[in-house]
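I opened my notebook to get to know a new structure. Here is what I looked up, in the order I went.

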Amino acid sequence: MTVQPEWPLYEIFVRGKRGLNHVHVGSLHAADDEMAVRHARDVYTRRNEGVSIWAVRADLIVASSPDEKDPLFAPAGDKVYRHPTFYAIPDDVPHM
Amino acid sequence: MESRDLDLDHDSVYDGLLGGDPSQWAFGTDFEDPLAGVDTTIPAGVDGAAPAAYCLMLGDDALIYAHRLSEWTSNAPDLEDDIALANIALDLLGRARLLLARAAAADPSVVPVLPEGSPVPAEDALAFFRDEPAFRNVRYVEAVNGDFAVTIARLLLFASHRLALLQRLTSSVDPVLAAIAAKGVKEVTYHRDYAGRWFLTLARGTDESRRRLVAGLQTVWPMYAELSRCSDIEAVAAEQSFGVDPSTLSDEVDAVIEHVLATSGVERPDVPPSGTRPLGREGQHTEAMGHLLAELQVVARAHPMGKW
């Protein structure tokens, strides 16, 4: 049996008491998925921050490359008409 | 508004930490006071000596084990377990503070006398200014840590036993003990879970991790029986229904331990228990205790007039 020199890296997302969605808070190493959640509880929710934890193996995340920044994102930079800011919002429409 | 009036009976355990400047708290100060709404007064005419002795004993278990586990800080196998063990130590320290403060309130005569004008609170006086024979913790918690596997084996047995005890204490006739126990149940459930998972991981890991775990269990097993021995303090506490006779927990705890051992494929150690009496509860400790107390107490004792 080969022993891995280091535990795999996990990215940790925590949903705060006042937050609606999980927010990336950092990363940590763990031997397996369950241990990653436990470690996240110990490392990232010590100050009464969280009510829910997601742990994701870092190597399972598909990320865009910084090299692709211009082809991916620059074309959206001048399309101001995609922002819904040209409409008058009626007074009786809440939560906008 | 009755509960509000009761809250005025005692100081929140966090008051002393805040120092009147909430700006230092990154995430606000809405900590929960475990004794909120609990009547903390000692009824007039009630002899506080027995409850004080019982709280002192449980508080000493928590204090001494907290100190031992905190020795792992910066020394654990990796950063994540470093923090995990420190968290567990802090849970224990929080429980020690509540229990020592309760002991002092129930019977002020247990608190060591300090120079007049000393600002040291009663809970600190109990922690830092008592000599070894006055400590009533089980010897089990004062033993040196050993390696990580010994630490995990010791924590699994202790947390399993303490969880059963605290669950029983939530129905103590003393509302303060019941509230402290209710807070502790949540904490110790996690401690047992943490130790149980690591126990399983080490048992099923490599040949070396398994060898160390089996050796670790052998190391802590002889002292484990001490947790179930009923001392005179506990006998009185059980009789008066504010405490628990720990020998009545054995079957329940054994079932949990057997389950973990069976799942891990580890045999129950075939080693005899050390001693037959709850010597730690009688103030007779092992050599390790003196070294521990020296480190725990040296700074506070050098400054009996110090404010921390």
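This is a predicted model: local features need pLDDT of at least 70, side-chain atom pairs count only at pLDDT 80 or more; totals for chains, interfaces and linings use all residues.

**Entry 1: a bent helix**

I began with α11(B), and found a kink of about 40 degrees centred on Leu296(B). Then I checked its extent: α11 of chain B covers residues 287-302, 16 residues in total. From first C-alpha to last, the helix reaches 23 Å, close to the 22 Å expected at 1.5 Å a residue.

Which residues of α11(B) are buried? I noted Met289(B), Leu292(B) and Leu293(B). I then asked what they pack against, and the partner turned out to be α3 (49-70) of chain B.

**Entry 2: where the chains meet**

Next I turned to the contact between the chains. I found 12 residues of chain B in contact with 15 residues of chain A. On the chain B side, α4 (79-106) and α7 (175-203) each supply at least two residues. The largest share of that side comes from α4(B), with four residues. Sorted by class, the side of chain B that touches chain A has six nonpolar, three polar and three charged residues.

**Entry 3: a glycine in α4**

Last, I looked up Gly94(B) together with Glu234(B). The two are 140 residues apart in sequence, and their C-alpha atoms are 22 Å apart in space.

Key: Residues are numbered from 1 along each chain as its sequence is written. Chains are lettered from A and ligands numbered from 1 in the order in which they are written. Two residues are in contact if their C-beta atoms, placed from the backbone, lie within 7 Å. Ala, Val, Leu, Ile, Met, Phe, Trp, Tyr, Cys and Pro count as nonpolar, Asp, Glu, Lys and Arg as charged, and the others, Gly among them, as polar. The expected span of a helix is 1.5 Å times one less than its number of residues. The bend at a residue is the angle between axes fitted to the seven residues ending there and the seven starting there. A residue is buried if 20 or more other C-beta atoms lie within 10 Å of its own, exposed if 12 or fewer, and partly exposed in between; C-beta atoms are placed from the backbone.
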